[in-house]
Amino acid sequence: LMPVNQLVNVAAHLPEMAGKHPDTPAIVWRSGRAAGGRAVYSHLTFQQLDRETDCYAYGLERLEITRGTRTILMVRPSPSFFALVFALYKVGAVPVLVDPGMGRRRMAECLRTIEAEAFIGVPLAHVLRILHPWAFRSVRVYITVGRRWFWGGPRLRDVRLEPWRPYEMAPTRADEPAAIIFTTGSTGPPKGVLYLHGMFDAQVRMLREHFAIEPGEVDLPTFPLFALFDPALGMTAVIPEMDPTRPASVDAAKIIEAIRDQQVTHMFGSPALLNRVGRYGEAHGVELPSLRRVLSAGAPVPHVTLERFGRMLTGDAEIHTPYGATESLPVASIGSREILSETREEAARGGGTCVGRPMSGMTVRVIGINDEPIAAWSDGLALPAGEIGEIVVKGPVVTREYVANEAATRLAKIPDGVAVLDHGEAGVERAETFAQGYVGHGGPTLPGVAVWHRMGDVGRFDEDGRLWFCGRKAHRVVTEGGTLFTVPCEAIFNQHPRVFRSALVGLGTGAASRQRPVMCIELEAGDDGRDKPGLTRELLEMARNYDLTRSIETILYHPSFPVDIRHNAKIFREKLAVWARKKLRIANGE
């Protein structure tokens, strides 16, 4: 593990690449179309991008955006986005990144808690600021990327200084804040996750080593935040032509066009995006021989999606499904060949989704399910292989805290050390220090004290040391007959050819052990919904063939599940539960 006082800045990878590969494209984007519709591309080399970030860094420093300045960044994927992020890293500022699709009010509430001092955004982002001034009272510097409307402050072109001269980046340490990234809020309010420079550096090393990524590769990152790893990994980033908040609606032809035109070797896509592109590829007989690997995360990837997309790959290329979360990424990984040849049958029988073995440097355990804070780690918490429990992880990429949310931090983190402090009337012992000597915003520093992150997921280990994901802890359904977990139960229903996806929810306002399990079904696209009573009988008959689904006796059909904005794949089961409750009340004449 990296010493906490070691100098490290994630932006240092950029000038290193500029020195080794100055003329290699760092960012590529479609700038137009020629006669006949052929795409025309523009690019910035690593040297050009490095110099752009230097010019921006001087301008940011002139505006007093410097080491430690929390800076909200709301800019679409573009060359400016890359340049601004790395310029912020170079000056030692802390970019704050939030999903715009979570809704204006929710986004404003998240940003209020951060108490940022600077704001850089496109015009629509500034409209949010004007409409919700209470959320931005701490902000003192406003920069507009694009046309400035009816507000003041500098524009981005005013920030960039000419001519270029080298910028000496801030001597940040491994334990210094590097960024604040918000969770999707799929099982509660979004939370600001504090990243440190050492964590980013560890992520880069783990991704490079595990997936054998080499400098000179070309990436198509359809999730903007993952694009930021590319310059550090020495990969060219091809900015996809898509709305990053709607991956399930992507134009598959444009994704395939970019892969072919730029000879993309590496690609990240949510399961929803892979499903759409895979269906297109299957229908048109597409092959993508340049791709060496595809990564997909955010939710379990259906086996049929792995098969469809996999048919476009050639040679040794395969789809990897790394497991992790905003608070800890990556944790584990598995390839599609192992999934389709070894684990798919057990998954179809309700075994969960196999997410592979822990990455090098990561320690993963399964503990008894507990909804309360855990004061300190004990090896006695761990369950034996085969038992389903709560997944907890420890390692160099595990974040230590949520910003301005001590309650959430106490609930999600388990200190692995002896330094504790009585915490209020509840008498909860809370470690005052976190992993590798970092405590965040206050408290003493005690080197050697580590922290476990509670993933909020349930799962199990098999006898081969592979981790199986069984759903979110908050989504488990506790009935009189036992506890039902979403992913294993849903796998049974997903076997029916008319089912696109299913979602288990629990209804009941009484004791938690008396919930009523309800299975919500979304039919395949194009299904006309004929003979739903007959389909319901077929699904219930399937359910009765398995012990874990035998108690499910209620089926409801939903036209289109509500899903997260980041990956369009995580199902908002809380919203489905409200819908199901209302649907059943109407059916019962209440």
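## Briefing: cis prolines, sheets and salt bridges

Pro163 sits in the loop between H6 and strand S7 (177–182). Helices (H or I, at least four residues) and strands (E, at least two) are DSSP runs, numbered from the N terminus. This is a predicted model, in which local features need pLDDT of at least 70, side-chain atom pairs count only at pLDDT 80 or more, and totals for chains, interfaces and linings use all residues. Residues are numbered from 1 along each chain as its sequence is written, and side-chain values use heavy atoms, with hydrogens and water left out.

**Backbone geometry**

- Most residues other than glycine have a negative phi, and most peptide bonds are trans.
- The bond joining Glu162 and Pro163 is a cis peptide, with omega about -10°.
- Leu329 to Pro330 is also a cis peptide bond, and its omega is near 0°. Pro330 belongs to strand S15 (residues 328–333).
- Gln263 is not a glycine, yet its phi is positive, about 50°. Gln263 is placed in the loop between helix H10 (252–262) and strand S11 (266–268).
- Gln263 counts as partly exposed because its relative accessibility is 49%. The classes are buried (under 20% relative accessible area), exposed (over 50%) and partly exposed (in between), with a 1.4 Å probe and protein chains only.
- Asp531 has a positive phi near 45° and is a residue other than glycine. Asp531 lies in the loop between S27 and H16.

**Three-stranded sheet**

- An open sheet of three strands runs in the order S26-S27-S28, with mixed pairing. Strand S26 (499–507) and strand S28 (555–557) are the edge strands, each pairing on one side only. On average, neighbouring strands of this sheet are turned by 30° against each other, direction ignored.
- Two strands pair if DSSP finds at least two bridges between them. S26 and strand S27 (residues 516–523) pair antiparallel over eight bridges. Val499 stands opposite Leu523 in S27.
- Helix H16 (residues 532–544) lies across S26, S27 and S28, at about 135° to S28. Axes are lines fitted to C-alpha atoms, for helices over the stretch in contact, and angles run from 0 to 180 degrees between N-to-C directions. Contact means heavy atoms within 4.5 Å.

**Seven-stranded sheet**

- Seven strands make an open sheet with mixed pairing, ordered S2-S1-S10-S9-S11-S12-S13. Its edges are strand S2 (39–45) and strand S13 (318–320), each of which pairs on one side only.
- Strand S9 (residues 218–221) pairs with S11 in the parallel sense, over three bridges. Asp219 stands opposite His266 in S11.
- Helix H2 (residues 46–62) packs on this sheet and touches strand S1 (25–33) and S2. The direction of H2 makes about 60° with that of S2.

**Salt bridges**

- Side chains of opposite charge can pair when their charged atoms come close. A salt bridge is a side-chain nitrogen of Lys or Arg within 4 Å of a carboxyl oxygen of Asp or Glu. The whole structure holds 43 salt bridges.
- Glu390 and Arg454 form one of them, at 2.8 Å, N to O. This pair links distant parts of the chain: Glu390 is in strand S18 (residues 389–394), Arg454 is in strand S22 (residues 450–461), and they are 64 residues apart. Both Glu390 and Arg454 are buried.
- Asp416 bridges to Lys394, with closest N and O atoms 3.1 Å apart. Asp416 lies in strand S19 (residues 413–416) and Lys394 in strand S18, 22 residues apart. Asp416 counts as partly exposed because its relative accessibility is 22%. Lys394 is partly exposed too, with a relative accessible area of 24%.
- Asp462 and Arg466 form a salt bridge, the closest N and O atoms being 3.0 Å apart. Asp462 and Arg466 are both buried. Salt bridges with shared partners join Glu338, Glu342, Arg357, Asp462, Asp464 and Arg466 into one network.

**Nonpolar surface**

- Leu124, Ile130, Trp149 and Phe150 make a nonpolar surface patch of about 440 Å². Patches are made of residues with over 30% relative accessible area and no salt bridge: like charges are joined within 9 Å, nonpolar side chains (Val, Leu, Ile, Met, Phe, Trp, Tyr) within 5 Å. Accessible areas come from the Shrake-Rupley method with a 1.4 Å probe; for residues, only the protein chains shown count as cover.
- Phe150 is in the loop between strand S6 (141–144) and helix H6 (156–159). Phe150 counts as exposed because its relative accessibility is 59%.
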